[in-house]
Every structure is written in structure tokens, then in C-alpha cells.
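Below are my notes on the model you sent, as numbered points.

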Amino acid sequence: MRVEHKRNYVLDAMRFLFSIMILIHHSYLITDGKFRYAPSGYIGVEFFFIVTGYYMMVYIERRWREQQTETMDLGGETRTFVLKKLTKIWPYLLVSDVVSIVICFIVLKEGILHGIVYAYSELLMLQMAGFWGNYPTGAAWYLSALILALLFLFPVAMKFRSMFLNVIAPLMAVLILGHLTLTYGSVGNDPGLWDGYFGKGLVRAVAEISLGAVCFGVSSYISRWKSSILSKVLFGIAEVFCYAGVAYIAYKYQPGKTDILAILLLFAGIAITTSRQSIWYEYFNFKIFGVLGTLSMAIFLNNFYWSKCMRTIFPTASISQLMIYYVVISLLSALAVYGVVAVLRFVIHRVREAVIKERVEE
């Protein structure tokens with residue numbers, strides 16, 4: 001199977017767009033829940049789960065090629081993979097928690113201690129294990145579900161790569177998505193509900209990361225097809241249709257069984273995007289999209305608490321005005337968090353280099 005090397009900036013562009021969709025979905029607090037601009041906008045989270053499953057298999061495929069499986073340390077491989085994920089996302093979570101606690105203290109008069117007490121569960125990513133509450137960012141349940149699901153799925157996929165890809169992953173995706181639809185009426189929505197032994201968001205993550213693994217297999221198959229201008233154009237049209245269909249469902253429909261259709265469209269769209277067979281990859285694979293893709297995490301974590309604050313900050317503003325303020329302020333906050341994290345990483349990198357240099361000289 002194909003193993004990726006060059007970054008896919010078109011996929012980064014989609015990360016950014018789906019983070020905006022989630023931002024707009026969270027604006028329902030501005031309207032007191034009376035209506036939503038994107039009632040099914042939580043579908044954006046499905047995109048991120050599926051992409052995570054895809055890249056999990058990319059990593060596993062690379063490791064299988066680099067090393068004999070008999071000599072693999074399964075626990076060590078799992079730890080390395082999950083720690084890489086944590087290294088990327090945890091600084092954004094830490095800074096976002098601090099910002100949200102300060103903002104809610106200033107605007108809503110929520111106690112600093114109250115925010116700190118609940119922040120521990122966000123920072124340790126324990127919400128989907130049952131440690132639920134009124135958390136600072138209001139959106140970090142996704143990271144909890146992501147990490148806990150990977151700790152379960154990665155070692156299974158690494159140990160039984162072919163069986164997982166061809167049997168276990170598709171079976172888990174189908175059974176769990178069916179269970180969520182029948183039990184709750186929708187796959188997404190209300191991630192904090194308790195589904196027996198786990199949070200609903202965790203069950204959702206396991207299903208969709210598994211689906212992302214299947215997407216890797218389909219994408220690898222498509223990538224081996226002989227391409228032509230006509231095929232690239234057709235794939236490009238199909239790609240746009242898939243993502244446009246998801247956007248239509250997110251903005252038009254209330255939470256319900258349409259989630260499954262949106263997930264299928266996401267599956268197909270991501271398979272095309274990652275196969276690099278679309279004309280969009282050839283002509284729109286710009287590096288600037290890589291920055292937008294990285295910014296998507298800061299956007300995801302820095303909008304929900306602002307939606308709680310808008311009516312207090314602008315008590316006389318109309319709904320339309322509040323939406324504009326909300327989007328602009330959320331994006332500016334995300335940029336600020338992105339900048340702070342970049343500075344922190346630079347400082348840590350320089351300190352590490354200095355320590356290493358000092359040890360070498362000794």
C-alpha cells in the first residue's frame with residue numbers, strides 16, 4: 001500500500017473549513033438555543049475523526065515497512081504515536097484553557113478556582129471516561145475521545161494490520177454507527193451522554209477512527225489508478241459534491257439520521273482528497289493551507305466560551321450583529337492562541353538546544 005511523504009495541503013484547507021463549521025454550530029448559545037445557523041454542524045468533528053483514522057494507518061503502514069513486526073514493541077509503538085499526537089495538541093489545550101478561564105471570569109464572573117478545578121479533566125483528557133462537568137473550553141471532549149480511542153485502536157491495528165483494515169475496522173464502524181443512530185437518533189450531537197460504560201463521544205470516536213482506517217484502504221486503492229486529465233476532473237467534481245453535500249446537511253438539517261449520509265459523503269470526499277487523484281490537488285496544493293490546517297485546532301478550542309459571553313458583552317446587539325462579533329472575536333482569539341503556542345514551542349526548542357549543547361561540552 002501507498003505511504004504518504006509529501007504533505008497534502010488540500011486536506012489542510014478542509015480542516016480549516018470544517019473548524020469554521022463547528023464554530024458556527026456553537027453559536028446556538030447566542031440565540032438561547034431557539035435556532036441554530038448550522039444545526040448539524042457538529043458533523044465537522046466526524047471529519048477530524050475520520051482523518052485521524054486515516055493517518056493512524058499511514059503511520060502503521062510506514063512502521064511495518066521500516067521494521068520487522070516480530071521485533072516491534074507494541075506498547076512502545078502505541079506510546080510513541082499517542083505522545084506525538086499529544087505534543088501537537090496539548091499546548092493548544094493548555095493555552096486555550098487559560099484564556100477561557102480568564103475570559104469567563106472577566107465577562108461572566110465565573111470563579112477562577114471553579115475553572116481550574118474543572119480544567120484538570122480537560123488537560124488530562126478524562127471527560128469521555130466519565131469525568132464530565134462545566135469545562136473551560138467546552139469543546140475539549142473531542143480530544144479526550146480522540147486519545148482514549150487511539151489508545152484502544154492503535155495497538156490492535158498495529159498488531160493485526162490486515163485483519164483490522166479488512167475486517168475489524170469496517171465491522172466496528174458499521175455496528176457502532178448503527179447503534180448510535182438507533183439509540184440516540186443521530187450519530188453526533190450530545191457527546192456527553194453516557195452510553196453504558198463510556199461517553200457517547202468516545203463510542204463515536206472509535207467508530208469513525210475505524211472508518212478512517214477503511215478510508216485509508218480505499219484511498220490507497222484509488223491512488224494506484226492510472227490518472228488522466230478527464231479522471232482528475234471527474235474526481236474533482238465528485239470531491240466538491242461530497243463536501244458540498246456535507247455542508248448542505250450541516251446547515252439545512254436538524255440532528256438525525258442524515259448524519260449517516262453526511263458521514264458517507266465525508267468518507268468518499270476524504271478518500272478522494274487523500275488519494276491525490278483530484279484536479280484540486282494538482283492546482284490548489286498551496287503551503288498557506290498548511291497554516292490554516294494547523295490553525296484549525298486553535299479555532300476548535302476557542303469559540304464555545306465566546307458564544308456564552310456574547311450577550312453579556314453586547315446586550316443591545318441584534319442576533320446578526322452578535323454572530324459577526326462572535327466569528328471575528330473567536331478567530332482573533334484563535335490567532336492569539338496560535339501565536340502564543342508558536343512562541344512557547346520556539347522557547348522550549350531553544351532551551352532544549354542549549355541544554356544539549358551544554359551536555360556535549362561537558
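1. Glutamate 46 is buried, with a relative accessible area of 1%; buried means under 20% relative accessible area, exposed over 50%, and partly exposed in between (1.4 Å probe, protein chains only). Its partner is arginine 204, and the two side chains meet in a salt bridge at 2.4 Å, N to O. The pair links distant parts of the chain, with arginine 204 in helix H7 (residues 200-223) and glutamate 46 in helix H2 (residues 43-66), 158 residues apart. Arginine 204 is buried as well, also at 1%. A salt bridge here is a side-chain nitrogen of Lys or Arg within 4 Å of a carboxyl oxygen of Asp or Glu. Helices (H or I, at least four residues) and strands (E, at least two) are DSSP runs, numbered from the N terminus.

2. On provenance: this is a predicted model, in which local features need pLDDT of at least 70 and side-chain atom pairs count only at pLDDT 80 or more, while totals for chains, interfaces and linings use all residues. Residues are numbered from 1 along each chain as its sequence is written, and side-chain values use heavy atoms, with hydrogens and water left out.

3. How many salt bridges does a search of the whole structure find? The search finds eight. One of them joins arginine 63 and glutamate 66 at 2.8 Å, N to O. Both residues lie in helix H2, three residues apart, about one turn of the helix. Arginine 63 is buried at 16% relative accessible area, whereas glutamate 66 counts as exposed at 53%.

4. Aspartate 12 forms a salt bridge with arginine 7, and the closest N and O atoms are 2.7 Å apart. Aspartate 12 is buried, at 1% relative accessible area; arginine 7 counts as partly exposed, at 41%. A network of salt bridges links Arg7, Asp12 and Arg15.

5. Asparagine 285 sits in the loop between helix H10 (279-283) and helix H11 (288-301) and counts as buried at 17% relative accessibility. Its side chain reaches the backbone nitrogen of tyrosine 9 at 2.8 Å. A polar atom of that side chain also lies 3.4 Å from the backbone nitrogen of valine 10. Leaving out residues up to four places away in sequence, asparagine 285 touches Lys6, Arg7, Asn8, Tyr9, Val10 and Trp280; contact means heavy atoms within 4.5 Å.

6. Helix H5 (residues 141-159) has 19 residues and reaches 28 Å from its first C-alpha to its last, close to the expected 27 Å; the expected span is 1.5 Å times one less than the number of residues. H5 has a kink of about 30° centred on leucine 150, the bend being the angle between axes fitted to the seven residues ending there and the seven starting there. H5 is mostly covered, with 14 of its 19 residues buried.

7. The protein chain has 13 helices and two strands. Its radius of gyration is 21 Å, close to the 21 Å that the globule rule gives for 362 residues, so the chain is as compact as a globular protein of that length. The radius is taken over C-alpha atoms, and the rule is 2.2 Å times the number of residues to the power 0.38. Buried residues make up 51% of the 362 residues. Among contacts between residues at least 6 apart in sequence, 78% join residues at least 24 apart.

Methods:
A polar contact is a pair of N or O atoms within 3.5 Å; within protein, one must be able to donate a hydrogen and the other to accept it, and residues adjacent in sequence count only if both atoms are side-chain atoms.
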